[in-house]
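Here is a briefing on one protein chain. Look over the sequence and the fold, then read the points below.

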Amino acid sequence: MSSKKIVCVTGMPGAGKSVVSEVFRNKGWKIVVMSEQLKRRYVKEGLPGESFEKFASRMREKYGRDIVARLCLEEVREEDKLIVMEGVRNWEEVELFKRVGETLILAVHAPQSLGRRGYCLG
């Protein structure tokens, strides 16, 4: 088995995924923001007038529901042993990460009443 440890961070927009990732970053973990990988591809391959959401759907239909996870794994080097995948969206992505290393799912939830006011993990 691989010596890689992967934490799959998931949650609704504004729930605090990036706050959780920052805690891991401060502990020395590599952070891969899944939407950033897809955005890079969108800049190159998005159709004129196509929304980012439509592009993401088209990519998943064309290449499979784990396409974003595959793009993210291109960012992982052999020496990266502690990895956070921020923004996991579906089970197929998790299954792919499980083939790469020991994988844990961390779901982040914050009440809507918090909004985007910010909070601190101390």
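Glu36 lies in helix 2. This is a predicted model: local features need pLDDT of at least 70, side-chain atom pairs count only at pLDDT 80 or more, and totals for chains, interfaces and linings use all residues. Residues are numbered from 1 along each chain as its sequence is written, and side-chain values use heavy atoms, with hydrogens and water left out.

**Overall fold**

- The protein chain has five helices and four strands. Helices (H or I, at least four residues) and strands (E, at least two) are DSSP runs, numbered from the N terminus.
- Starting at the N terminus, the order of elements is β-α-β-α-α-α-β-α-β.
- Along the principal axes, the C-alpha atoms fill a box of roughly 45 × 40 × 20 Å.
- Of the 122 residues, 38% are buried. Buried means under 20% relative accessible area, exposed over 50%, and partly exposed in between (1.4 Å probe, protein chains only).
- Take the contacts between residues at least 6 apart in sequence: 72% of them join residues at least 24 apart. Contact means heavy atoms within 4.5 Å.

**Helix 2**

- Helix 2 covers residues 34-45, 12 residues in total. Its first and last C-alpha atoms are 17 Å apart, close to the expected 16 Å. The expected span is 1.5 Å times one less than the number of residues.
- Which residues of helix 2 are buried? They are Met34, Gln37, Leu38 and Arg41.
- Seen down the axis, these buried residues fall within an arc of 95 degrees, so they line one face of helix 2. The arc is that of the directions from the helix axis to the C-beta atoms.
- An α-helix has 3.6 residues a turn, so residues three or four places apart point the same way.
- The buried residues of helix 2 pack against strand 2 (30-33), helix 3 (52-63), helix 4 (67-73), strand 3 (82-86) and helix 5 (91-100).
- Glu36 is partly exposed, at 35% relative accessible area. Its C-alpha atom is separated by 12 Å from that of Ala56, 20 residues apart along the chain.

**Salt bridges**

- The structure holds 14 salt bridges. Each is a side-chain nitrogen of Lys or Arg within 4 Å of a carboxyl oxygen of Asp or Glu.
- Glu75 and Arg40 form one of them, at 3.9 Å, N to O. This pair links distant parts of the chain, 35 residues apart: Glu75 sits in the loop between helix 4 and strand 3, Arg40 in helix 2.
- Both partners count as partly exposed: Glu75 at 35% relative accessibility, Arg40 at 47%.
- Arg77 meets Glu79 in a salt bridge at 3.0 Å, N to O. Arg77 also meets Asp80 in a salt bridge, at 3.0 Å, N to O.
- Shared partners join Lys30, Arg77, Glu79 and Asp80 into one salt-bridge network.
- Is each member buried or exposed? Asp80 is buried at 7%, Glu79 is exposed at 55%, and Arg77 is partly exposed at 46%.
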